[in-house]
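Good morning, colleagues. Please look at the structure now on the screen.

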Amino acid sequence: MARRLLLGLAQTVGVVLLVFALTEALPGDAAVALAGDQPDPARIAAIREALGLDRPAWERLAEWAGGLLRGDLGSSLVTGRPVSGILAAAFGPTLVLAALTLALLVPVAVGLGVLAARHEGRPVDRLISTVTVGSYAVPEFALGVLLVTVFALRLDWLPPTAVGSGEAPLSHPAALVLPVLVLLTRPVCSVSRLVRAGMVEALRSPYAAHAARCGIGPRRVRYAHALPNAVAPAVQQVARTVDWLLGGVIVVEALFVVPGLGTVLMDAVAARDVPVVQGLAVVFGTVTVLLNLGADLLVHRLAPRSGVVA
């Protein structure tokens with residue numbers, strides 16, 4: 001586990017360096033963005049000097065990394081506010097979307113997977129498989145536009161965006177329905193198919209047959225013996241889903257105008273605000289590493305024979 005933790009830290013550092021390099025490669029910088037529509041070269045040079053953008057990239061990167069070791073994410077080049085404050089202000093809506101998605105993902109995906117496995121080869125199984133495969137193929141942006149068109153514009157059941165819902169997303173749950181549906185669709189499809197495959201394999205295994213011969217009821221065999229082994233690989237997929245979820249949040253927040261971390265990232269990239277982009281990369285990378293480590297521990301608990309944490 002210590003090796004995986006070190007590997008995760010190295011991956012986080014690599015993501016930060018890559019984001020910094022890609023941001024540096026973009027045309028223009030924060031000084032150009034702040035100079036206005038008709039920038040004057042002298043004014044741009046003065047802004048660059050004031051922001052410290054005239055220094056070598058390696059020097060700016062080293063300064064930022066040193067601050068990071070002290071828990072300081074730096075300050076925004078555009079607003080001058082601490083990056084940690086900017087992220088904290090936008091963290092609430094993103095956390096609500098991600099938490100609701102993950103809270104619904106497990107029961108819905110496991111329920112569909114078990115239902116399909118119980119009716120293997122029957123119409124229910126084929127229907128679930130067809131719907132999940134077809135839904136997985138639809139990109140999040142296209143699915144979001146489709147849901148907005150049907151449920152917001154045509155039927156007028158739900159608000160098309162989160163505009164006007166205020167800073168507390170939970171105070172207007174109707175504005176969260178469509179974003180959560182978009183974020184939930186693809187993970188449910190992938191996790192449910194893993195659960196189905198694991199349940200089918202587990203129910204055909206020798207230990208399930210032996211349990212049945214010992215007089216253990218089918219329900220207990222299914223849920224007490226087969227399900228834990230079927231869920232083990234799905235737990236790892238849920239952790240990997242977080243990687244997709246972080247990217248999906250950016251698309252969903254842009255589509256539904258949710259003022260979260262995705263919106264902050266888009267604004268920071270447009271303004272070439274490198275410290276904010278780096279701060280978000282650290283947050284996303286750290287969350288991904290911690291969730292994957294937690295998933296490994298849980299898989300080892302559910303199925304110790306897998307040797308995941310060895």
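At what angle do α6 and α8 pack, and how far apart are their axes? Before I reply, a word on the source: this is a predicted model, in which local features need pLDDT of at least 70, side-chain atom pairs count only at pLDDT 80 or more, and totals for chains, interfaces and linings use all residues. Residues are numbered from 1 along each chain as its sequence is written, and side-chain values use heavy atoms, with hydrogens and water left out.

The angle between α6 and α8 is about 140 degrees, and their axes lie 8 Å apart. Axes here are lines fitted to C-alpha atoms, for helices over the stretch in contact, with angles running from 0 to 180 degrees between N-to-C directions. Helices are DSSP runs of H or I with at least four residues, numbered from the N terminus. The pair α6 and α8 is therefore oblique; under 35 degrees counts as roughly parallel, over 145 as roughly antiparallel, 65 to 115 as roughly perpendicular, and the rest as oblique.

α6 passes α8 in a left-handed crossing, meaning that the near helix is turned anticlockwise from the far one by less than a right angle, whereas clockwise would be right-handed. On the α6 side, the residues in contact (heavy atoms within 4.5 Å) include D125, S129 and T132, and they meet residues of α8 that include T185, R186 and C189. By class, this contact of α6 with α8 has three nonpolar, six polar and four charged residues. Ala, Val, Leu, Ile, Met, Phe, Trp, Tyr, Cys and Pro count as nonpolar, Asp, Glu, Lys and Arg as charged, and the others, Gly among them, as polar.

I turn now to α5. Helix α5, residues 83-118, packs with α6, residues 123-136, at about 140 degrees, with the axes 7 Å apart. The crossing of α5 with α6 is left-handed. L112, L115 and A116 of α5 make this contact with V124, D125 and I128 of α6. Five of the residues in it are nonpolar, none is polar and one is charged.

With α8, residues 174-203, α5 packs at about 35 degrees, again with axes 7 Å apart. Here α5 passes α8 in a right-handed crossing. The residues of this contact divide into 23 nonpolar, three polar and one charged.

Key. Helices (H or I, at least four residues) and strands (E, at least two) are DSSP runs, numbered from the N terminus.
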